[in-house]
Amino acid sequence: MLNKALRRRIVEIVTKAKEGHIPSSFSIVDLIDHIYGNLLRFDPQNPDWQERDQFILSKGHGCAGLYVVLEKYGLLSADQLASYSMTGGILGGHPDRTTVPFVEASTGSLGHGFPFSVGIALANKIKQLPGRVITLVGDGECHEGTIWESAHVAANQKLDNLTVVVDWNQSGAQLCPVDDLPAKWRAFGWQTHVFNGHDAAEIEAAFALVGKADGPLALVAKNIKGHGAKLTEGHGRWHHRIPDEQEYQELMEALS
Amino acid sequence: MKGLREQFADTMLRIGQQDESLVVMVGDISHGILQPFAKACPGRFFNIGILEPSMVSMAAGFAKQGLVPVTHTIAPFLIERSFEQLKLDFGYQALAGNFISVGGAFDYAQLGCSHHCYTDVSLLAHLPGSQVFCPGSAVELDVLFSSQYRANAINYFRLTENPHGVEFAPESIKPGKIISAREGQDVTIIALGPQLKNALSAATSLSARGIEAEVLYVHTFKPFDAAAVVDSLTKTRRIVVVEELSAQDGLYNAVLRAWDGRGRMLSRQLAINEFIHGYGSYEDLCERSGLSAGHIEQAAAELVSHEVD
């Protein structure tokens with residue numbers, strides 16, 4: 001399993017704050033780690049560097065997975081994570097770009113971060129800026145109409161500086177099981193690649209495609225919600241559950 | 001007299017040629033009259049599609065990258081349908097942009113209630129950092145937009161299809177300031193945007209009956225010029241509020257808040273009270289909603305017939 005340490009950190013901050021979506025964060029943390037560690041061009045000393053690449057977490061409820069990665073790369077401090085979801089802290093149960101450096105979008109209501117990203121990518125074209133935009137959406141979020149409205153625009157505007165990463169962990173299939181997501185993205189004119197979002201080699205191969213398409217790129221990650229511990233895997237009560245003491249020990253043991 | 005939509009196109013062309021950050025997005029309206037802007041400012045005009053909420057989110061992305069977005073379509077779709085995008089992507093994220101609507105209230109009278117919009121002004125006013133303008137003439141739009149489009153704010157301009165017909169001097173139009181359109185001491189009539197026409201007509205009729213009405217004209221709903229209302233009400237102690245807005249939340253509330261705690265006064269609200277299911281001309285729907293010179297005259301005369309204390 002990749003990133004046991006990041007998963008342990010997620011459990012720590014969520015348990016302490018009594019807030020957070022552990023399975024959603026486990027589902028995407030391997031992808032976010034690769035994006036920050038291997039793909040994004042940014043200046044750690046200057047969050048507003050105009051030519052930087054931008055990562056947008058459109059499914060904002062998975063933000064514990066983002067916070068621990070930002071900490072890993074020195075963009076957030078342990079003290080800042082210690083006050084996660086607490087009075088006086090800057091990190092909440094959904095990310096707020098007005099308070100957190102390197103958080104590029106305030107998200108939470110699903111279906112906002114992705115069209116916002118299309119606007120950023122189109123603005124970079126208008127201003128001839130080199131920055132690429134990588135946006136992570138959930139498969140449940142893909143029920144939102146704004147995803148497909150703006151996917152249509154991105155294809156028509158030939159936004160080759162835009163990549164969407166779809167966390168295809170079958171959350172959406174609980175409600176609408178007839179759902180061929182890769183076919184949908186292809187139908188909307190996006191170059192599409194399906195991969196295992198928890199396998200290092202497949203993650204690396206998928207993100208190697210960024211910048212090589214002649215239009216927008218959809219990387220559809222076959223993920224497992226809650227991946228990392230049997231306790232949290234799958235769909236059900238763990239979606240927004242906080243571990244009790246026994247569950248905390250069990251999770252830490254599974255992630256040791 | 002020049003229409004507001006025509007002025008909008010001319011203003012975009014003039015400012016767009018001076019300011020390379022100005023980008024215009026429309027939802028498949030006004031693209032014909034905006035062609036001069038599109039030609040003069042290549043790559044900065046997008047007839048983006050019929051997807052208003054996403055258009056607003058994209059405009060927020062433009063703003064984040066340092067562009068000055070202007071987003072334009074019909075009021076119910078730009079504001080009511082897209083309100084969560086306005087609230088979160090602009091308001092919560094503290095981004096600035098310009099939103100230009102047509103079809104506020106019942107300007108599209110014959111198209112029915114799907115194309116009416118009574119709550120746009122109050123909805124935008126709820127957002128921190130918003131400014132709300134209801135210009136009733138082309139020159140007002142040009143002056144207000146030119147001075148405010150780069151303000152660090154969510155700027156909403158509701159363009160009427162029915163200008164009030166009064167030509168104010170450009171230097172008399174100041175953002176956030178009420179214009180005194182007529183002086184009087186017996187009763188105040190305060191009118192928003194196009195209803196100035198009916199307010200002035202009513203004031204003329206009232207004068208013939210020996211009642212001198214003061215007419216206050218509001219082109220900026222937010223920030224609201226409370227001081228001008230207090231000054232006039234201190235004199236008249238009676239006010240008729242005329243607004244092409246939902247009666248639930250609009251100019252009447254702003255007037256009451258301005259006067260709050262200052263003693264007794266008499267007031268009447270002429271506004272839109274319910275969905276309008278019928279059809280007809282703009283004037284027909286004004287008459288049906290009680291937004292006519294006759295209704296204003298009647299309300300003002302009735303207030304004057306009562307003692308305040």
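Predicted model: local features only at pLDDT ≥ 70, side-chain atom pairs only at ≥ 80, totals over all residues.
Is Arg237(B) buried or exposed, and how many C-beta neighbours does Arg237(B) have inside 10 Å? Arg237(B) counts as buried, because 21 C-beta neighbours lie inside 10 Å; by the cut-offs used here, a residue is buried if 20 or more other C-beta atoms lie within 10 Å of its own, exposed if 12 or fewer, and partly exposed in between, with C-beta atoms placed from the backbone.

Residues are numbered from 1 along each chain as its sequence is written, and chains are lettered from A and ligands numbered from 1 in the order in which they are written. The model scores ipTM 0.96 and pTM 0.96, and chain B averages a pLDDT of 97, with 100% of the residues at 70 or above; pLDDT is the predictor's confidence in each residue, from 0 to 100.

Let me stay with the backbone for a moment. Arg237(B) has a phi near 60 degrees, a positive value in a residue other than glycine, and its place is in the loop between α9 and β11 (238–246) of chain B. Helices and strands here are DSSP runs, H or I of at least four residues for helices and E of at least two for strands, numbered from the N terminus. Lys18(A) sits in the loop between α1 (4–17) and α2 (22–39) of chain A, and it counts as exposed because it has 10 C-beta neighbours inside 10 Å.

Now to the contact between the chains. It takes 24 residues from chain B and 21 residues from chain A, where two residues are in contact if their C-beta atoms, placed from the backbone, lie within 7 Å. On the side of chain B, the elements that give two or more residues are α3 (52–64) and α5 (83–92), and α3(B) gives the most, with 9 residues. That side divides into 12 nonpolar, 8 polar and 4 charged residues, counting Ala, Val, Leu, Ile, Met, Phe, Trp, Tyr, Cys and Pro as nonpolar, Asp, Glu, Lys and Arg as charged, and the others, Gly among them, as polar.

In α3(B), 13 of its 13 residues are buried, and Gly66(B), just after the helix, takes a positive phi of about 90 degrees. In α5(B), 7 of the 10 residues are buried, so this helix is largely enclosed by the rest of the structure. The buried residues of α5(B) include Gln85(B), Leu86(B) and Phe90(B), and they pack against α5 (113–126) of chain A together with α3, β4 (97–102) and β6 (154–159) of chain B. Just after α5(B), Ala94(B) takes a positive phi of about 55 degrees.

How is chain B divided into domains? The assignment, which is automatic or taken from a database, gives domain 1 (4–159) and domain 2 (176–304). Their centres, taken over C-alpha atoms, are separated by 27 Å, and 23 residues of domain 1 are in contact with 24 residues of domain 2. On the domain 1 side, α6 (120–125), β5 (130–133) and α7 (138–148) of chain B each supply at least two residues, and the largest share, 4 residues, comes from β5(B). By class, this side has 12 nonpolar, 9 polar and 2 charged residues.

I will finish with the largest nonpolar core, which has 169 residues, with Tyr67(A), Ile189(B) and Ala300(B) among those that have the most contacts inside it. Both domain 1 and domain 2 of chain B give residues to this core, so it lies between them. A nonpolar core is a set of buried Ala, Val, Leu, Ile, Met, Phe, Trp, Tyr and Cys residues joined through C-beta atoms within 7 Å. Not counting residues up to four places away in sequence, Ala300(B) touches several residues, including Val187(B), Ile189(B), Ala202(B) and Val240(B).
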